[in-house]
Amino acid sequence: MAKSQKTTTKTVKKVVPPSADAETPKKANRGGGKSQYETKILPHLAEIERYHRVGVTEAQLCAYYEVGKTQWTQYKKDHTELAEILCNAKKALKTELINRAYEVATGGTYVETTVVEYYTIKDGVKVVTGGKTTTHTRYNKPDAGMLQFLLINRFPDEFARDPHAVELRKKALELAEQGKAPSDGWEGV
């Protein structure tokens with residue numbers, strides 16, 4: 001009887017670490033799809049700017065575009081165009097609000113346009129038979145409350161309700177910065 005022999009061969013692959021001067025291939029083509037930023041955020045940058053300009057918060061934007069707050073912060077760090085758009089929109093909103101507050105405080109005129117349509121219904125269909133447009137110039141009275149708010153908040157040294165309280169707050173902050181007084185417990189000052 002003949003004996004059967006079993007032979008196995010092993011191939012050993014030697015792994016050599018890359019040298020410092022050798023070029024290593026970069027992760028340029030991973031073969032996958034687009035990143036979440038490219039699909040969820042990049043196509044909507046104009047919308048994001050418009051929404052943020054009218055007062056939508058970043059938390060609301062995260063919820064709307066289904067992006068986590070941590071991921072949103074990372075997107076702002078990695079993609080400067082997103083950070084710039086958000087910053088510029090916030091500045092524009094602030095400017096718009098301040099300008100509107102000044103308009104309310106000082107009063108002024110505005111144009112009010114009213115459009116009236118005349119129509120009849122024939123066989124269930126609305127048919128416009130005529131119309132009238134009227135334009136009126138209206139006057140807004142100055143708002144004393146807004147004027148007081150702006151003066152107190154924009155020029156606190158000159159128009160504070162209680163100038164002594166402002167001085168006490170300044171002194172308390174100076175002492176806290178110097179470490180001579182605790183920074184907490186200053187609610188009454």
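## A first look at this chain

Of the 189 residues in the chain, 13% are buried, where buried means under 20% relative accessible area, exposed over 50% and partly exposed in between, using a 1.4 Å probe and protein chains only. This is a predicted model, in which local features need pLDDT of at least 70 and side-chain atom pairs count only at pLDDT 80 or more, while totals for chains, interfaces and linings use all residues. Residues are numbered from 1 along each chain as its sequence is written, and side-chain values use heavy atoms, with hydrogens and water left out.

**Overall layout**

- The chain contains 8 helices and 2 strands; these are DSSP runs numbered from the N terminus, with helices being H or I of at least four residues and strands being E of at least two.
- Take the contacts (heavy atoms within 4.5 Å) between residues at least 6 apart in sequence: 49% of them join residues at least 24 apart.

**The nonpolar core**

- A nonpolar core is a set of buried Ala, Val, Leu, Ile, Met, Phe, Trp, Tyr and Cys residues joined through side-chain atoms within 4.5 Å.
- The largest one here has 13 residues, and Ile41, Ile48, Trp72 and Leu82 have the most contacts inside it.
- At least two residues of this core come from each of α1 (36–41), α2, α3, α4 and α5 (80–106), and α5 gives the most, with 3 residues.
- Leaving aside residues up to four places away in sequence, Ile41 touches Gln36, Ile48, Tyr65, Val67, Trp72, Tyr75 and Leu82.

**Aromatic rings**

- The whole structure has 4 aromatic pairs; rings of Phe, Tyr and Trp (its six-membered ring) pair if their centres lie within 6.5 Å, and planes under 30 degrees apart count as stacked, over 60 as edge-to-face and the rest as tilted.
- Tyr51 and Tyr64 form an edge-to-face pair because their planes stand at 80°, with ring centres 6.1 Å apart.
- This pair links distant parts of the chain, 13 residues apart: Tyr51 belongs to helix α2 (residues 45–53) and Tyr64 to helix α3 (residues 58–64).
- Tyr51 is partly exposed at 25% relative accessibility, whereas Tyr64 is exposed at 56%.
- Ring pairs join Tyr51, Tyr64 and Tyr65 into a cluster.
- Lys126 has its charged end over the ring of Tyr119, 4.7 Å from the ring centre; a charge sits over a ring if NZ of Lys or CZ of Arg is within 6 Å of the ring centre and within 35 degrees of the ring normal.

**Positive phi angles in loops**

- Glu66, a residue other than glycine, has a positive phi near 55°.
- You will find Glu66 in the loop between α3 and α4 (69–78), and it is exposed at 63% relative accessibility.
- Asp123 is not a glycine either, yet its phi is positive at about 55°.
- Asp123 lies in the loop between β1 (108–122) and β2 (125–140) and is exposed, with a relative accessible area of 80%.

**Cysteines**

- A disulfide is a covalent bond between the sulfur atoms of two cysteines.
- The structure has 0 disulfides, counted as pairs of cysteine sulfur atoms within 2.5 Å.
- Cys62 is buried at 4% relative accessibility, while Cys87 is partly exposed at 40%.
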